[in-house]
Amino acid sequence: MVIVHPRKQQSIVVIGAGIGGLTAAALLAHRGDRVLVLDQAIVPGGCASTFQRRGFTFDVGATQVAGLEPGGIHHQIFTELGIEPPAATHCDPACAVYLPGETVPINVWRDPAKWQAERQQQFPGSEPFWQLLATLFLHSWAFQAREPVLPPRNLWDFWQLVQAVRPGTLVTVPYTFSTVGDALRRYGLAGDRRLRTFLDLQLKLYSQVDAEETALLYAATALAVSQAPHGLFHLQGSMQALSTQLVTALERDGGQLLMRHRVEQIQVEAGRVKAVVIRDLKTDAVWTEPADHVVANVPVQNLVRLLGDRAPQSYKRRVEKLPPASGAFVLYLGVDETAIPVGCPPHLQFLYDDAGPIAENNSLFVSVSRPGDGRAPAGRATVIASSFTDLAMWWRSADYPALKQQYTEQAIDRLQQFFHLTPDTLIYQEAATPRTFAHYTARERGAVGGLGQRVSTFGPFGFANRTPIDRLWLVGDSTHPGEGTAGVSYSALTVVHQIDAIS
Ligand SMILES: Cc1cc2nc3c(=O)[nH]c(=O)nc-3n(C[C@H](O)[C@H](O)[C@H](O)COP(=O)(O)OP(=O)(O)OC[C@H]3O[C@@H](n4cnc5c(N)ncnc54)[C@H](O)[C@@H]3O)c2cc1C
């Protein structure tokens, strides 16, 4: 770990108060830097924030958190900041996965032995495949814990990367170009439809792409973090608790957060970042804020737009050539508790084989609140169901309200197969589409979840935190190690170390 204390105070502007931006901001303020965070939204947290309706609190996007266990990335950052992590409980099972036509779920248990027994029973003959994943996870996790800079862009980055390598890391190297599909073929499991369907469903949640395309080294981590001693957590109160704690640390250490302030331009002089142009969305006042460093907590597509003609051509072209990004359709339901089956796990995944009126919308990831977890009044609960969706369709649709209504009806129809949703139990409903995400999170075209973890875009082949503009940094789910509040926290930590090294 690289910590340079004390060092010259820097003036730092952070664009975006998502978990990535807030984590970087809080850590930099804790080092004594002058930090100003700007966010165009009303509340901090971006895709991991919440909204309130009729007594219900809905998590906008993220509903579960990895990395809160001792030694986990969020835990490590809260310890460094000297602030309590938000209260949370384990998700066990992390997810209950229902394949088409099946009434008994595949339970992804937290206990590694219980999960091993479950998968051996569900997918006979697949254990060598899981053992390969376990070996790759062991070494990849230890490597990530040594905080490598990926991909490296200068000698300092490269040195951090080299220092993180141990003999065990070399075990993973031959798999750098492999996908999960390759590993399934290697073990003669390519024809195991149930296993492949399960992997497609679970991997898409983390990598945006199916098993055939997901980089094996990424999958090894994504599929293992649900088990002890790691695990997924359900936050007490709401997902907002994570950003609230980070904002508390930021402000305690003299940092400033301005909500409803949009950064409209990043200014560059002689290849180095110089200032940002800010608009106060309440008063429409515009000013230029100089900065020693600018940390952009935005998707890489937004970064290019903020740079305009100051974006290096090769960087711009690389962004333009990225595979199409994914969007999300999310349905937020406030229900009576009688709508929830007894013993319902907090997270479920359903795959439907009837195409329904909307063919692409064939799976749902569902998060259910728990009694007393702060999301619903007594006797009530929230049910949040999300599915992946093509972005372009929502922007070219001639009748957007009708499309949204069609998606909503299909999702409710499907949820009715599991939940008791009737006019009496369904109290509140609202839906979000890529247009909604574009409006509330300012993400380009409402794309969510980062770049996708194909071999061509993960780890060493992804976008670096160090941009081609000196002292302009990129944090968030466009960078290593990818999406999720834990992932973007790693990216923030990398940027903080990089700033330490040159300040
Ligand atoms: C439906 C859904 C479900 C998910 N489920 C999970 C889950 O269960 N667990 C998990 O860990 N992750 C989950 N994720 C992913 C996770 O939410 C994100 O990867 C993560 O929160 C992204 O954080 P970020 O800091 O990179 O960016 P963001 O959350 O996008 O934050 C960026 C911030 O920048 C602001 N901004 C953008 N442009 C400007 C500008 N020009 N000026 C000022 N402000 C600007 C935005 O308002 C926003 O607040 C989910 C995502 C979605 C959409």
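Entry one, charges over rings. I began with Lys114, whose charged end sits over the ring of Trp109, 3.8 Å from the ring centre; the criterion I used asks for NZ of Lys or CZ of Arg within 6 Å of the ring centre and within 35 degrees of the ring normal. I also noted Arg318, whose charged end sits over the ring of Phe463 at 4.0 Å from its centre. Before going on I wrote down that this is a predicted model, in which local features need pLDDT of at least 70 and side-chain atom pairs count only at pLDDT 80 or more, while totals for chains, interfaces and linings use all residues. Residues are numbered from 1 along each chain as its sequence is written, and side-chain values use heavy atoms, with hydrogens and water left out.

Entry two, aromatic pairs. I found 22 aromatic pairs in the structure, where rings of Phe, Tyr and Trp (its six-membered ring) pair if their centres lie within 6.5 Å, and planes under 30 degrees apart count as stacked, over 60 as edge-to-face and the rest as tilted. Tyr315 belongs to helix 12 (residues 313-320) and Phe463 to the loop between helix 15 (434-441) and strand 20 (472-474), so the pair ties together parts 148 residues apart in sequence; helices (H or I, at least four residues) and strands (E, at least two) are DSSP runs, numbered from the N terminus. Tyr315 is buried at a relative accessible area of 8%, and Phe463 is buried at 2%, buried meaning under 20% with a 1.4 Å probe and protein chains only. Elsewhere I noted a cluster in which ring pairs link Phe51, Phe56, Phe58, Tyr332 and Tyr428.

Helix 11 (residues 300-307) packs with helix 12 at an angle of about 145°, their axes 10 Å apart; axes are lines fitted to C-alpha atoms over the stretch in contact, and angles run from 0 to 180 degrees between N-to-C directions. I listed Val300, Gln301, Leu303 and Val304 of helix 11 as meeting Tyr315, Lys316 and Val319 of helix 12, with contact taken as heavy atoms within 4.5 Å.

I traced an open sheet of seven strands in the order 8-7-16-17-18-15-19, with mixed pairing, two strands being paired if DSSP finds at least two bridges between them. Strand 8 (106-108) and strand 19 (426-432) are at the edges with a single partner strand each, so one side of each has no neighbour in the sheet.

How values were computed:
Buried < 20%, exposed > 50% of the residue type's maximum accessible area, 1.4 Å probe, protein only.
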